[in-house]
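Biologist: I would like to learn how to read the features of this model one at a time. Could you take me through them, with the general idea before each case?

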Amino acid sequence: MDHVDRILEQWRQERPDLQVAPMGTIGRIKQLHWHLMRSMEKTWSAYGLNGASFDVLATLRRAGPPYALSAGGLMASTMVTSGTMTHRIDQLEKAGLVARARNPDDGRGFLVSLSPRGLKLIDEAVTAHVETQAKLVAALTDEQRTQLDDLLRQFLRGFSDKGSGSFMR
């Protein structure tokens with residue numbers, strides 16, 4: 001029995017009329033999310049980043065050369081509002097990790113690109129991030145991880161029809 005099982009047992013005793021099994025699933029996912037984020041935040045902070053800054057830099061890096069996207073492209077990839085993205089870009093620009101330039105395809109817009117310093121930093125940070133993630137899933141065999149991925153993909157599909165977005169770093 002884990003902590004969640006004990007909570008479920010208390011609910012079963014106090015409210016036997018309720019089917020509380022979903023509470024267990026969601027409670028474990030919440031606990032897992034907390035542990036995963038805490039570990040990844042430690043990795044990001046070792047590079048002077050947080051989840052938001054890592055997200056923008058990683059999005060630009062995985063876009064491939066020239067590591068540039070419009071603000072709209074960044075917003076679509078990271079699923080944040082215009083104001084939030086502008087703030088993130090401003091902070092990264094102040095830190096010398098990204099640069100803005102006029103978009104040659106849209107005279108009204110800008111392209112945001114990784115600076116040489118930003119490219120070096122995100123390459124180092126994403127390497128550490130992947131190592132952290134590998135350690136976090138090490139308790140599972142490859143087969144178990146594949147099964148879990150399949151189950152989570154199926155679970156998330158139930159939200160895609162409701163307009164919920166997916167977030168991946």
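Predicted model: local features only at pLDDT ≥ 70, side-chain atom pairs only at ≥ 80, totals over all residues.

Biologist: In which sense do E2 and E3 pair, and over how many bridges?

Modeller: Strands of a sheet pair through backbone hydrogen bonds, either parallel or antiparallel. Strands (E, at least two residues) and helices (H or I, at least four) are DSSP runs numbered from the N terminus, and two strands pair if DSSP finds at least two bridges between them. Here E2 and E3 (residues 106-114) pair in the antiparallel sense over 6 bridges; in E3, Phe-110 is the bridge partner of Arg-102, and Ser-113 is that of Ala-99. The two strands E2 and E3 are joined by a hairpin through 2 residues.

Biologist: What is the strand order of the open sheet?

Modeller: The open sheet has 3 strands in the order E1-E3-E2, with antiparallel pairing. Strands E1 (68-70) and E2 (98-103) stand at the edges with a single partner strand each, so one side of each is left without a neighbour in the sheet. From one strand to the next the twist averages 30 degrees, where axes are lines fitted to C-alpha atoms, for helices over the stretch in contact, and angles run from 0 to 180 degrees between N-to-C directions. Helix H4 (residues 71-78) packs on the sheet and touches E1 and E3, contact meaning heavy atoms within 4.5 Å; the direction of H4 makes about 95 degrees with that of E1. E1 and E3 pair over 3 bridges in the antiparallel sense, and Ser-70 has Leu-111 as its bridge partner in E3.

Biologist: How many aromatic pairs does the count come to?

Modeller: Rings of Phe, Tyr and Trp (its six-membered ring) pair if their centres lie within 6.5 Å, and planes under 30 degrees apart count as stacked, over 60 as edge-to-face and the rest as tilted. The count comes to 2 aromatic pairs. In one of them, Trp-44 and Phe-54, the ring centres are 5.4 Å apart and the planes are at 25 degrees, so the pair is stacked. Trp-44 lies in helix H2 (residues 21-45) and Phe-54 in helix H3, so this pair ties together parts that are 10 residues apart in sequence.

Terms used. Residues numbered from 1 in each chain as written. Heavy atoms only, no water.
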